[in-house]
Amino acid sequence: MNKEGIRTQMKSSPRLKQWLDYLIMNQRDARPRWYVRILAPFYQHRGRDSKIYHSVRMDTPPYRQFSLGKRSVIESYCCINNAVGDVVIGDHTRIGIHCTVIGPVTIGSHVNLAQGITVTALNHNFKDTTLRIDEQGISTKPVVIGDDVWIGANAVILPGVTIGRHAVVAAGAVVTKDVPDNCIVGGVPASILKDLNPQTI
């Protein structure tokens, strides 16, 4: 049975998924158990000449996809988490020091993430005031970052956001809505600062 067949079977059997999740994930630490992390290079896809520094925290259980394209780099002290959604990173992309990426996230090719950036597709549910927040589960909305994007230091990309091709996100921006192609955004919440489209300049 291939990987997709296993994932489909797990989704159709909540009891099996719960049992496997217990074997794979340390429930207290919310990360794969040590024996799963040892096997990670065998089930992760790492492209030719790609590099993941030793200090990176790879919370990537095998029941979700993690893919890193050719000649892409994940620098020191990053955290990559695909426990609730796939993380797919294209070719010639650099994830800078101390970045956090929580899936489901798709990052294109020739993308540069500076230092301390958070890209998260995950939210904690909180609307029911009769329950604690940690009892209400989570929700996800995929994040998509297009090709040829530069994101400045300490920016935050929130769930459901799509960033278009050749866009620039200023340092410290909090991106709460989609970013069109060929523009610069900045601020909290981020808004368009400049249009880079040659047809409109």
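This is a predicted model: local features need pLDDT of at least 70, side-chain atom pairs count only at pLDDT 80 or more; totals for chains, interfaces and linings use all residues.
Visitor: Okay! How many salt bridges are there?

Guide: A search of the whole structure gives six. A salt bridge here is a side-chain nitrogen of Lys or Arg within 4 Å of a carboxyl oxygen of Asp or Glu.

Visitor: Which residue does Arg 94 bridge to?

Guide: Glu 75, at 2.6 Å from N to O. That pair links distant parts of the chain, 19 residues apart: Arg 94 is in strand E10 (residues 94-95), while Glu 75 is in the loop between strand E7 (73-74) and strand E8 (79-81). Strands (E) are DSSP runs of at least two residues, numbered from the N terminus.

Visitor: And is Glu 75 buried or exposed?

Guide: Glu 75 is buried, at 15%, whereas Arg 94 is partly exposed, at 36%.

Visitor: What does Glu 135 pair up with in a salt bridge?

Guide: With Arg 132, the closest N and O atoms being 3.5 Å apart. Glu 135 is partly exposed, with a relative accessible area of 42%.

Visitor: Which residues are joined into one network?

Guide: Arg 48, Asp 49 and Arg 71, through salt bridges that share partners. Within it, Asp 49 and Arg 48 come to 3.6 Å between their closest N and O atoms, and Arg 48 is exposed at 56%.

Visitor: New topic: what order do the strands of the open sheet take?

Guide: The six strands run E3-E6-E9-E12-E17-E20, with parallel pairing. Two strands pair if DSSP finds at least two bridges between them.

Visitor: Which strands stand at the edges?

Guide: E3 (45-46) and E20 (162-163); each has a single partner strand, so one side of each has no neighbour in the sheet. Elsewhere, E6 (residues 66-68) and E9 (residues 87-89) pair over three bridges, and Phe 66 has Val 87 as its bridge partner.

Visitor: Last one: where does Ser 109 lie?

Guide: In the loop between strand E12 (105-107) and strand E13 (112-113). Ser 109 is buried, at 18%. Leaving aside residues up to four places away in sequence, Ser 109 touches Gly 90, Asp 91, Thr 93, Asp 147 and Asp 148, where contact means heavy atoms within 4.5 Å.

Definitions and conventions
Residues are numbered from 1 along each chain as its sequence is written. Side-chain values use heavy atoms; hydrogens and water are left out. Buried means under 20% relative accessible area, exposed over 50%, partly exposed in between (1.4 Å probe, protein chains only). Helices (H or I, at least four residues) and strands (E, at least two) are DSSP runs, numbered from the N terminus.
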